Amino acid sequence: MATSAISPAELERLDVSRAELWAGNAWRPHFARLRQEDPISFCPESFFGPYWSISTYKPIVYVEALPKIFS
């Protein structure tokens, strides 16, 4: 699956919580790009407020194992 449709500038401000990505089943290229280029990324602005997006296995396991630190 090609991920080049997302520019580097868009990657820096990518908000994977946007409803239209999920409603339109368009989330896959965004997550593929995050996994390749920015697996632990910060989204400073979203409908839900700022958040960290963790998109690869080992960091997800680490974060999930330490809820007191990462909640």
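Let me begin with a definition: rings of Phe, Tyr and Trp, the last by its six-membered ring, form a pair if their centres lie within 6.5 Å. The model before you is predicted, and by that criterion the structure holds six aromatic pairs.

One of these joins Phe42 and Trp52, with 5.0 Å from centre to centre and 55° between the planes, a tilted arrangement. This pair connects distant parts of the chain, since Phe42 belongs to strand S1, residues 40-43, while Trp52 belongs to strand S2, ten residues apart. As to accessibility, Phe42 has a relative accessible area of 38% and is therefore partly exposed. Trp52, at 56%, counts as exposed, because the threshold for that class is over 50%.

I turn next to Phe47 and Phe48. Their ring centres are 5.2 Å apart and their planes stand at 90°, so this pair is edge-to-face; the cut-off for that class is over 60 degrees. Both residues are exposed. Elsewhere, a single aromatic cluster is formed by Trp22, Trp27 and Phe31.

Finally, let us return to strand S2, which spans residues 51-54 and includes Ser53. Is Ser53 buried or exposed? Its relative accessibility is 7%, so Ser53 counts as buried, given that the limit for burial is under 20%. Which residues does Ser53 touch, leaving aside those up to four places away in sequence? They are Val16, Leu34, Pro39, Ile40 and Ser41.

Thank you for your attention.

Key. Residues numbered from 1 in each chain as written. Predicted model: local features only at pLDDT ≥ 70, side-chain atom pairs only at ≥ 80, totals over all residues. Heavy atoms only, no water. Helix = DSSP H or I, 4+ residues; strand = E, 2+ residues; numbered from the N terminus. Buried < 20%, exposed > 50% of the residue type's maximum accessible area, 1.4 Å probe, protein only. Contact = heavy atoms within 4.5 Å. Phe/Tyr/Trp six-rings, centres within 6.5 Å; stacked < 30°, edge-to-face > 60°.
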